[in-house]
Amino acid sequence: METYSIIFAIFLGGAVLTYFAGKLNSILQDILFLGSVLVPTYLFFSGVSFGSAMPFSLEGISLLWGIDHYSWLFALIVLGLGSLAAVYAIGYMKGKERKGYFYFNFILSVMSMLGIVVSQDLISFFIFWEIMTWSSYLMVIYNGKDIQRVGIKYFVFSAIGAYAMLMGIVIVHSITHTFFIEDMIQAYGHMSLQLQIWIPILFLIAFAVKAAMMPLHVWAPGAYSNAPMAYTSLFSGALSKMGVYGMVLILVTLVSRLPQGIWFREVLAWLGGITAAVGTLWAIKQDDAKKLLAYSSVAQLGYIITGVAIGTELGMLAGLFLAVMHALFKGTLFMAVGAIEKQTGTTNFTEITGLIRKMPWTFLASLMSIIALAGIPPLGGFVGKWMLYESLITSDHYLLVILIFFASTAGFLYCYKFLFGFFLGQEEKEWEHVKEAPATMVVPMILMSVFMFVLGTFPGIILKPINNGLMDLGFVDSYKHLWETSVIFNNWGDHVILQPILYSIIAIFLFFLILVVWKGYKGTRYVTTKDISTSGEVPKEDENLTFSVGFTQPFLRAVAPVMRRQIDKYYTEFAKGLEGLFEFMRRIYTGNAQTYALYVVVFVVIVLLFKDVLF
Amino acid sequence: MVNDKHSQKIVDFIQNWSRKHSIWVLAYGTGCGAIEIPPTMTSRYDAERLGVRGAATPRQADVLMITGYLTVKTLKRVIRVYEQMQDPKYVIGFGSCTINGGMYYDSYNTINVLDKYLPVDVYINGCMPRPEAVLSGFAQLQKRIAEGRADGATQYKENLEWYRANQKRIIPNWVMPEYNW
Amino acid sequence: MKELKENIIQRLKTNFADAVAGSEFSYNRVDVHVKKETIPSILFYLKEEMGYVHLSHISCVDWLEEGEFELVFIVWSPVDKVKVFVKTRLDRENPVLENIDMIWRQANTYEREFREMFGIQFTGLVAPDEFILEDWQGPPPFRRDFDTAEYAKKTFWNRPGREDAQDVRETISGRDGEEIPDFAKKYSR
Amino acid sequence: MEEVLYNILGAVVTFIVAFVVGMTYGGLTRKITARVQNRKGPPFYQNFIDAFKLASKKTAIHHGVMHLMGPAFLMVTSVMTLLIVPVLAGNNWFPNLNFHGDLIFLLYIMTFGPLGMALGAGQTGNPNSAIGVTRGLSQMVGFEIPWVMSLVALMIQYHTTSITGLMEVQAQSGTWLMLSSPFAFIAAVMAMFGMFRYSPFDIVGAPTELASGPVSENGGKFLFVMMSAGSVFTFAKLTLYVDLFMGGASNLVVLLIKTFLLYMIPVLYGVTSPRYRTEQAVRWFWGWPTFFGFLAIIQAVILK
């Protein structure tokens with residue numbers, strides 16, 4: 001039981017110490033930072049056992065921290081990705097300004113996310129939720145650009161979500177008189193229908209904001225691309241999963257008991273599908289890698305939401321498996337972009353080309369994660385996509401499956417755009433000096449690629465904890481067994497056996513690779529990308545032949561009516577409506593972190609002081 | 001197996017046979033003769049029945065056809081294209097201009113004799129040669145390939161210095177990568 | 001039409017002292033000879049004041065015997081339906097003319113060609129050095145004192161033993177026993 | 001161990017059959033195109049000669065690792081598709097990987113190769129290659145929609161997502177799915193136009209426009225492997241269509257007749273058509289084919 005206290009003490013102490021250690025020594029600061037992320041991770045996975053809970057009380061409110069199989073899954077995402085991103089951040093932050101600020105917020109983010117998953121009561125859940133929001137907000141404005149547009153937008157949406165959740169918590173407390181989530185679930189069945197509908201809606205709004213679901217996603221592209229990349233890999237990979245965490249919690253424990261819950265599910269599933277499609281289309285349009293990945297994150301979370309919203313066992317498995325996979329591949333991709341940004345100074349596809357020979361390891365990691373993102377076998381993304389489709393088809397969502405399929409096929413375009421824009425194409429003289437990123441940045445990426453590869457063939461490794469978690473939530477397992485270690489089934493008994501497929505692919509690949517270069521590798525000689533058929537013309541050294549401007553124009557022309565008629569109008573109208581709101585919000589949210597802290601502290605104090613009167 | 005003399009003969013025979021019946025011509029019209037290629041390829045004369053087919057890029061092509069006069073400016077590109085082609089490769093000189101300059105014998109910017117700059121395997125006479133003549137040129141090339149006598153590329157490699165000197169003589173500003181495959 | 005043409009000549013003559021009317025060739029054409037200094041102003045005047053908005057062509061004639069180049073600017077008015085040929089002479093030794101591509105942008109292309117083919121320099125012309133010829137090192141090839149046959153023989157030398165490049169027509173006619181007509185013999189080498 | 005060896009042997013035999021049939025079909029296509037254009041045309045074995053010539057051509061250069069791997073990626077897709085699709089119904093000689101994957105898996109493995117080859121094409125640095133690739137991916141987004149709709153219609157109507165399951169359905173009922181789900185068949189055939197990339201949907205290669213697009217830097221052995229992969233892939237896709245809609249085939253002759261008849265649809269449509277622009281092609285697939293896809297789904301939901 002002491003473990004929790006130690007973990008959080010190390011986090012908090014480490015954060016503060018790291019912040020001040022920067023004044024003394026940069027290397028000491030790095031070591032402290034690594035320690036304060038890695039040591040709690042080690043302690044958590046070695047010292048905390050399932051079912052253990054730590055009840056304690058604060059100002060007369062009894063709180064409960066504990067862990068079950070379900071929250072353990074998300075703790076795995078948070079701490080796993082957090083540790084790797086921390087290792088990466090050491091290399092990424094080398095020589096940058098305000099390291100202390102970054103490290104401080106990074107540790108706080110990891111701590112708050114761990115806090116969210118271990119909280120078994122609503123108060124600590126809410127407090128950690130707010131800490132997470134602040135720390136991520138401070139990261140979004142780290143670069144100091146677009147604070148007004150991006151930072152405020154992010155904070156306003158987070159605030160909307162947080163206050164919706166707070167209202168939900170207050171309502172729940174007024175009925176149950178405790179803050180335990182367990183009690184809320186118990187009491188839910190006896191509430192009036194109106195409350196039964198409103199409580200999930202309030203909570204789902206909060207979670208949908210963090211998961212960047214369709215009407216509430218406008219903050220995501222700016223925020224993801226504005227934060228430092230070392231943090232964005234955590235931001236997109238783990239922090240957005242907190243929305244999914246809460247969503248599954250609400251959907252499984254509350255909504256599934258409601259006869260009308262089917263409508264929640266349907267609406268959520270369709271919103272997820274639309275999010276996926278729209279996010280994909282907008283990702284295709286981007287010329288900046290950060291923006292592209294940000295929209296892609298929105299789209300990927302759309303798949304996850306669709307999966308968990310359908311609510312069949314296969315759908316849940318698919319959604320949560322995709323959540324794990326998304327943490328892996330999107331974390332890797334953002335890290336790769338960060339590495340490229342550090343080495344070249346830009347992330348624009350129209351500027352960079354032909355890095356493959358200069359940054360081979362980054363390319364390898366990006367390639368693996370892109371294959372996983374596109375959902376192509378034999379990598380892990382395929383397993384999630386397969387289960388998602390099967391769950392949609394077997395649960396009678398015929399048009400939704402078409403929408404999802406459209407999104408994921410169109411996704412190939414931006415997948416290829418990412419790889420081609422950065423790594424392939426003409427090698428330019430301008431980028432001749434570029435070298436591979438330092439080992440601390442490359443090793444986490446490669447590690448995650450290996451995980452993706454392993455999960456592609458042995459998805460059972462992660463499906464087992466997911467299944468255990470769903471059982472812990474009280475999920476009714478109607479089919480008993482939809483997966484084995486390397487076999488996945490659907491409800492109709494159709495299956496994909498992954499192991500022989502992997503072996504066949506590798507065997508065929510090697511065979512034909514050897515055939516192609518059969519006469520010996522020495523026989524074929526490397527020639528530069530200037531030596532191509534250009535109707536006999538000899539390109540000059542500084543002549544740029546790369547095709548990167550308007551890369552996906554043919555496709556965008558085909559979907560132009562969709563993008564113009566609906567999305568554009570929607571965005572402008574929405575932005576116009578929000579502008580007035582922002583004007584008002586700006587007076588409250590001054591853009592100064594201390595002011596926000598003050599607001600919330602004051603609020604919590606008021607709640608604590610007048611809790612007897614209020615509730 | 002390949003080292004054996006007799007089997008090498010058989011392999012050569014099969015290879016030459018397949019090369020003979022599959023001639024991919026680079027679609028690179030250098031001069032006015034290019035207009036004779038479409039009738040050769042299409043319904044009336046149908047060169048495809050001999051296995052002649054257009055190829056889009058030098059990497060895929062077997063035959064480089066110099067269709068008519070060749071200006072100094074184009075020669076530079078043609079040399080580049082020829083060097084980008086992969087072995088085995090053949091050159092067909094098309095029309096009188098490639099033989100002795102033809103009607104442009106005294107022009108200040110068209111070359112007179114093609115095989116000083118590129119190894120020509122087959123010349124097709126005429127100004128312009130009609131499609132029948134072009135087909136007969138292809139037939140001649142096929143014959144030479146089958147007999148193993150279409151060795152222009154080898155000659156080019158062996159006498160590279162001579163060819164290079166000739167090329168450099170009329171292309172003073174030589175910025176091309178060196179030929180080494 | 002005749003009145004119109006005289007009117008044009010009259011107008012030009014009153015405005016430009018050195019303008020001289022040339023001989024008449026066809027019913028819708030007016031020839032005007034001017035000095036080379038007047039070229040920009042007369043062209044500008046034709047375009048802006050008289051409605052000759054279309055530059056049809058610029059041509060160059062090498063008068064080798066007189067030691068001069070003649071530049072001909074052909075402009076056309078869609079209202080008058082008359083072509084005006086503005087001609088000027090340049091010294092062959094030092095052919096320099098003022099650049100006019102700010103009046104018609106397409107003149108730029110012609111000027112580049114003249115610079116390359118005749119060696120005429122245009123003051124203030126902004127254009128890449130090369131136009132059509134790549135790495136050209138000989139004299140400007142369109143000048144009449146440039147002997148292309150000699151140049152070709154020197155540059156694209158014949159195969160040894162084939163220097164004579166004898167006319168095959170004689171051989172053919174001798175074989176078939178037919179006479180080469182006199183007019184054809186003139187071109188025979 | 002012995003079983004594995006037999007499987008490998010079966011796979012090799014299947015591959016050889018697919019290679020020979022695919023190449024012959026390619027040659028026949030050229031012959032038929034020539035006859036339609038009132039030409040004599042090359043002999044039907046012309047593609048074998050071309051392939052052999054390409055294989056015997058010297059390959060001296062490469063543009064980097066991905067360029068070397070591109071053709072291998074393409075081949076993986078072709079062979080994997082071939083191994084997953086049951087070639088002969090009820091034949092235990094070539095089980096290959098028939099029972100290891102289902103239709104959704106097949107859809108995804110089919111996109112593996114083009115994407116892998118696109119990487120190879122990208123590394124050559126030829127701008128035409130990249131343009132061809134984006135066109136191809138755009139066209140894929142186009143034709144996958146009606147194709148998936150047709151497949152989803154079949155899946156929900158017969159409650160199975162596996163190819164062998166759908167073949168069993170046809171074997172039991174005795175009618176081909178082509179007749180019992182006509183709309184799905186129409187949508188799938190229309191999607192086939194995009195899949196085989198004959199004109200008017202040959203926007204990827206477009207020799208006169210893009211200098212043959214993604215393959216423009218590949219000659220010799222690279223092109224040979226790509227050509228073989230294309231032939232094998234053609235056969236695999238045709239077999240898949242026959243399995244899904246025409247009840248499969250119990251012996252090779254029947255299979256050849258069925259696949260050839262199917263193959264003639266895109267070929268003959270292509271012979272008489274010019275080329276679409278990319279967005280026209282994409283929109284074409286989202287027009288009537290998608291409409292028939294909707295009809296197929298409606299029919300499936302009603303008849304479920």
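**Chat about a four-chain model: strands, sheets and contacts**

Modeller: In strand E1 of chain D, D:Ile61 is the bridge partner of A:Arg525. Bear in mind that the model is predicted.

Colleague: How do the strands holding those two residues pair, parallel or antiparallel?

Modeller: Strand E5 of chain A, residues 525-526, and E1(D) pair in the parallel sense, over 2 bridges.

Colleague: And how many residues does each chain put into the contact between A and D?

Modeller: Chain D gives 68 residues and chain A gives 60. On the chain D side, the elements that each supply at least two residues include strand E1 (61-62), helix H3 (65-84), helix H4 (103-123) and helix H5 (127-158). Helices H10 (220-245), H12 (278-285) and H13 (288-303) of chain D are also among them.

Colleague: Which of these supplies the largest share?

Modeller: H5(D), with 17 residues of the side that touches chain A. By class, that side of chain D has 40 nonpolar, 21 polar and 7 charged residues.

Colleague: Which pair of chains has the most contacts?

Modeller: Chains A and D, among the 4 pairs of chains that touch.

Colleague: Which chains do not touch chain C, then?

Modeller: Chain A is one of them: no contact joins A and C, and their closest C-alpha atoms lie 13 Å apart. Chain D does not touch chain C either, with the nearest C-alpha atoms 25 Å apart.

Colleague: Back to chain A. What is its secondary structure?

Modeller: Chain A has 23 helices and 5 strands. Strand E1 (residues 53-58) and strand E2 (residues 61-66) of chain A pair in the antiparallel sense over 6 bridges. A:Ala53 has A:Gly66 as its bridge partner in E2(A).

Colleague: What sits between those two strands?

Modeller: There are 2 residues between the strands of this hairpin, and A:Glu59 takes a positive phi near 55°.

Colleague: Why call chain A compact?

Modeller: Because a compact globule of 615 residues would have a radius of gyration near 25 Å, and chain A has 24 Å, which agrees. Its C-alpha atoms fill a box of roughly 85 × 60 × 50 Å along the principal axes.

Colleague: How much of chain A is buried?

Modeller: 56% of the 615 residues count as buried. Of the contacts in chain A with a separation of 6 or more, 80% are between residues 24 or more positions apart.

Colleague: Now chain C. What order do the strands of its sheet take?

Modeller: The order is E1-E2-E5-E4-E3, in an open sheet of 5 strands with mixed pairing. The edge strands are E1 (20-21) and E3 (54-63) of chain C, each pairing on one side only. E1(C) pairs with E2(C), residues 29-34, in the antiparallel sense over 2 bridges, and C:Ala21 stands opposite C:Val32.

Colleague: Which helices lie across that sheet's strands?

Modeller: Helix H1 (residues 2-15) of chain C lies across E1, E2 and E5, at about 15° to E2(C). Helix H2 (residues 39-48) of chain C lies across E2, E4 and E5, at about 170° to E5(C).

Colleague: Last one. Where is B:Ser107, and what does B:Ser107 touch?

Modeller: B:Ser107 is in the loop between helix H4 (96-100) and strand E5 (122-124) of chain B. B:Ser107 touches C:Thr148 and C:Ala152, leaving aside residues up to four places away in sequence.

Colleague: Is B:Ser107 buried or exposed?

Modeller: Buried, because 21 other C-beta atoms lie within 10 Å and the cut-off is 20 or more.

Definitions and conventions. Residues numbered from 1 in each chain as written. Chains lettered and ligands numbered in written order. Predicted model: local features only at pLDDT ≥ 70, side-chain atom pairs only at ≥ 80, totals over all residues. Buried ≥ 20, exposed ≤ 12 C-beta atoms within 10 Å, placed from the backbone. Contact = placed C-beta atoms within 7 Å. Nonpolar A, V, L, I, M, F, W, Y, C, P; charged D, E, K, R; others polar. Pairing = 2+ DSSP bridges. Rg over C-alpha atoms; globule rule 2.2 N^0.38 Å. Axes fitted to C-alpha atoms, helices over the stretch in contact; angles between N-to-C directions.
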